Amino acid sequence: MAGGGGAEARTSLTAFVLGGSVAAVPLLLSAPPPALLSGPGIQGRVALALHVAGINAALLLGWGRAPGGMYQIAIRACFLGFAFGCGLLLSFGQSSWKHFGWYMCSLSVFHYSEYLVTAINNPRSLSLDSFLLNHSFEYNVAALSSWVEFTVEKFIFPEMKQITWLSSAGLLMVVFGDCLRKAAMLTAGSNFNHIVQNEKSDSHTLVTKGVYGWFRHPSYVGWFYWSIGTQILLCNPVCMMGYTLVSWRFFRERIEEEEMTLIHFFGEEYLAYKRRVPTGLPFIKGVKVEL
């Protein structure tokens, strides 16, 4: 990627805001926020279609011929911004999909901020994959499963999806988890990478300050509670249990794999840190070291 991360960060932020501007369309129509999505009428449909067409035209004019893959960055950031804007429309209305709007905002901010923080913090590792939109097949299946569960249960047990105090608790978990993960990324600086490193670079140092003084793996702790929080937010009992079990198993295996590499990189320095600071995840101790 060109621009050392600065150009990519500016492009993505501009495109994200551009996509999010869909939330302003009801103001132009003097319509209540959810009306644009739930039943916009002919005027609303025309306004929405014109807005989307205008955004696409702006993307093409602004970055269609830009070098360094800027158009691909802008497309992804704009899509996430559009999802965030639609989430705002649902969140501030009286629609029964209000809590799903909270979820849409949380999900889009999580993925966009993964890219933005990487662009600012560690531009050398920046790529389109930093959006984590194509994280894995399993991740996509998990997300789709949560949408299906929410929709099915909403129509069969609509009152289940209106437990505001439970959704609010889930939203707090989501905010806490995402903030913890981003704090870990910012604290680690260039040491943070979305891909587990098997070779130590010259700039690779052991980070033990800040949130790394609380937990050995704060980015995983944040993601763990963020993922569970999304399902509590949606009042999805099946996916909440599934996310908890699958995420716990995934991070247990990932932490053991990563700690073997860190012991190889830093030796006794990491072992002392390991004895002093917990992983932060329940019932996960990390790799066992035979003395």
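## Annotated spans

The model is predicted. In an unreviewed entry, UniProt lists residues 12-30, 42-61, 73-94 and 223-246 under "transmembrane region", although such annotations may be inferred rather than shown by experiment.

Two of these spans can be set side by side. Residues 73-94 are 86% helix and 0% strand, and their end C-alpha atoms lie 34 Å apart. Residues 223-246 are 88% helix and 0% strand, with end C-alpha atoms 13 Å apart.

## Nonpolar cores

The largest nonpolar core holds 45 residues, and those with the most contacts inside it are Tyr 212, Trp 223, Trp 226 and Leu 281. Two or more residues are given to this core by each of the helices H5 (70-91), H6 (98-121), H7 (137-156), H8 (164-188), H9 (218-233), H10 (237-266) and H11 (268-276). The largest share, 8 residues, comes from H9.

With neighbours within four places in sequence left aside, Leu 281 is in contact with Tyr 220, Val 221, Phe 224, Phe 251 and Ile 255. Another core, of 17 residues, lies apart from the largest one, and among its members are Ala 15, Ala 74, Cys 78 and Ala 119.

## Helix H9

Helix H9 has 16 residues and reaches 22 Å from its first C-alpha to its last, close to the 22 Å expected at 1.5 Å a residue. The helix is mostly covered, since 15 of its 16 residues are buried. Just after H9, Cys 235 takes a positive phi of about 55°.

## Aromatic pairs

There are 18 aromatic pairs in the structure. In one of them, the ring centres of Phe 100 and Tyr 103 are 5.4 Å apart and the planes stand at 45°, so this pair counts as tilted. Both residues belong to helix H6, where Phe 100 and Tyr 103 are 3 residues apart, about one turn of the helix; Phe 100 and Tyr 103 are both buried.

A further pair is formed by Phe 110 and Trp 223, whose ring centres lie 5.5 Å apart with planes at 50°, so the pair is also tilted. Because Phe 110 lies in helix H6 and Trp 223 in helix H9, this pair ties together parts that are 113 residues apart in sequence. Phe 110 is buried, with a relative accessible area of 0%, and Trp 223 counts as buried at 12% relative accessibility. Ring pairs link Phe 110 and Trp 223 into a cluster with Tyr 139, Tyr 220, Phe 224, Tyr 225, Trp 226, Phe 250 and Phe 251.

Which residues does Glu 114 touch, not counting residues up to four places away in sequence? Glu 114, found in helix H6, touches Ser 130, Leu 132, Arg 181, Lys 182, Met 185 and His 194 on that basis. The side chains of Glu 114 and Lys 182 are joined by a polar contact of 2.9 Å, and Glu 114 is buried, with a relative accessible area of 0%.

Thr 118 is likewise found in helix H6 and, because its relative accessibility is 5%, it counts as buried. Leaving aside its neighbours within four places in sequence, Thr 118 is in contact with Pro 123, Ser 125, Leu 126, Ser 130, Met 185 and His 194.

Notes
Residues numbered from 1 in each chain as written. Predicted model: local features only at pLDDT ≥ 70, side-chain atom pairs only at ≥ 80, totals over all residues. Heavy atoms only, no water. Helix = DSSP H or I, 4+ residues; strand = E, 2+ residues; numbered from the N terminus. Core = buried A, V, L, I, M, F, W, Y, C linked by side-chain atoms within 4.5 Å. Buried < 20%, exposed > 50% of the residue type's maximum accessible area, 1.4 Å probe, protein only. Contact = heavy atoms within 4.5 Å. Polar contact = N/O pair within 3.5 Å; in protein donor to acceptor, adjacent residues only side chain to side chain. Expected span 1.5 Å × (residues − 1). Phe/Tyr/Trp six-rings, centres within 6.5 Å; stacked < 30°, edge-to-face > 60°.
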